[in-house]
Amino acid sequence: MDFAGVILGSLGVLAVLLLMLTRTLVIVNQANTAVVERLGRFQRTLTPGLTVLIPFVDRIRERVDMREQVASFPPQPVITEDNLVVSIDSVVYFQVTDPKAAIYEISSFLLGIEQLTVTTLRNVIGSMDLEQTLTSRDQINGQLRGVLDEATGKWGIRVNRVELKAIDPPRSVQESMEKQLKAERERRAAILIAEGEKQSAILTAEGEKQSAILMAQGFAESEVVRAQAEAEATVVRAEGEAAALEKVYGAIHEANPSAAALAHRYLETLPGIAQGDANKVWVIPSELTGAMDVLKKGFVKE
C-alpha cells in the first residue's frame, strides 16, 4: 500500500509539473499573435515563437490570425431607388492590424463586419436605380470599402477591398431584360445584314460599271484595230493594183500593140462584164462603136 501511494503521489506531482509547464511555455505560430492577460487585465501581445508565462497568473485570452482574411456573406435583399428588390452577394477582404483592439473593442469583429456591410450596402444601393446598380459595380465596391475601412479602423481592422459576387434582380425583371437584349441583338443583326446587302449591291454595281467600261474600251480598241487593218489592207490592195497597172502599162508599152489588137481585146472583155446575177441590164458603152471601126479598119484592106 505504501508503494502504491508513493507511485500515485509521484504521478500527481508529475501531472502538476506538466500542467505548470504547459501554462509556462507557449508557442505562437508564424503569422499569428496571442493576447495575454495577467489576473484578468491585458498584459501584452505575443509575437511568433516560444514565450514563457507565469503559470496561474498569465493566460492567453485569444489567438489572432494576422493574415488577410476573406469573409463571404449570404445574399442580402436590397431595395433600389426605383423600388425593385435585388439580391446581392458580397465578399470582404480584411486584415487584423491591432489584435488588442480586435479583441477588446468589439465582441465579434467578423459579425460586426457582416452587419456593417449589409447596412452600408443598403444605403448605397438605395440611392441608385436598377440600371445604375447593374452597371456601377466598381463605384459600389469603392463606396463600401471606404465606409467599412473607416468604421472598422477603431476595431483594429483594415478592409482591403470589397467585391460584389452577384446582383440578381427579380425574375420578372430578368425576363424583361432578356427580351430587351434579344430584341437589341436582333436589331443589330438586321442592321448588319442590311449593311452587308448594301455593300454587296454597291460592289456589284461598281463591278458591272467597271466591266462595262472595260468592254467598251475593248470594243473601241478592237474597232480601231480593225479599221487600221482595213485601211492598211486597202492601202496594200491599192498599191498592188497600182503596181499591176504599172506592169500592164509597161508591158503594153513595150509590146506596142496595134489598134486592131486593142479593139479585139476590148471586144473579148465585154462578155465578162455581162456575167453575174446582179447584172440585169447590159449597157453598151459608147466606145464600142469606135472599137468596131478600129477593128474594121484592121481587117478590111483599102
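Reader: Is leucine 50 buried or exposed, and what makes it so?

Author: A quick note before that: this is a predicted model. Leucine 50 has a relative accessible area of 59%. Exposed means over 50%. Therefore leucine 50 is called exposed.

Reader: Where is leucine 50 found?

Author: Leucine 50 is found in strand E4.

Reader: Which residues make the nonpolar surface patch?

Author: Leu18, Leu21, Leu25, Ile27, Leu50 and Val52 make the patch. Its area is about 580 Å². Two or more residues each come from helix H1 (2–24), strand E1 (25–28) and strand E4 (49–52).

Reader: What is the order of the open sheet of three strands?

Author: The order is E3-E2-E5, and the pairing is antiparallel.

Reader: Why are E3 and E5 said to stand at the edges?

Author: Strand E3 (41–46) and strand E5 (58–65) each have a single partner strand. So one side of each is left without a neighbour in the sheet. Neighbouring strands of this sheet are turned by 25° against each other on average, direction ignored.

Reader: How do you know that E2 and E5 pair?

Author: Two strands pair if there are at least two bridges between them. Strand E2 (residues 32–38) and E5 have seven bridges, in the antiparallel sense. So they count as a pair. Across from arginine 59 in E5 stands glutamate 37.

Reader: What makes E6 and E7 a pair?

Author: The same test applies: at least two bridges. Strand E6 (residues 69–79) and strand E7 (residues 85–96) have nine, and they run antiparallel. Therefore they pair.

Reader: How many residues lie between the strands of the hairpin of E6 and E7?

Author: Five residues lie between them. Asparagine 83 in this hairpin takes a positive phi near 65°.

Reader: How many helices and strands does the protein have?

Author: Eight helices and eight strands.

Reader: What share of the residues is buried?

Author: Buried means under 20% relative accessible area. Of the 302 residues in the protein, 22% are buried. The protein exposes about 21,300 Å², and carbon and sulfur atoms supply 59% of that area.

Conventions
Residues numbered from 1 in each chain as written. Predicted model: local features only at pLDDT ≥ 70, side-chain atom pairs only at ≥ 80, totals over all residues. Heavy atoms only, no water. Helix = DSSP H or I, 4+ residues; strand = E, 2+ residues; numbered from the N terminus. Buried < 20%, exposed > 50% of the residue type's maximum accessible area, 1.4 Å probe, protein only. Areas by Shrake-Rupley, 256 points an atom, 1.4 Å probe, with all protein chains shown as cover. Axes fitted to C-alpha atoms, helices over the stretch in contact; angles between N-to-C directions. Patch = residues over 30% accessible without salt bridge, like charges linked within 9 Å, V, L, I, M, F, W, Y side chains within 5 Å. Salt bridge = Lys/Arg side-chain N within 4 Å of Asp/Glu carboxyl O.
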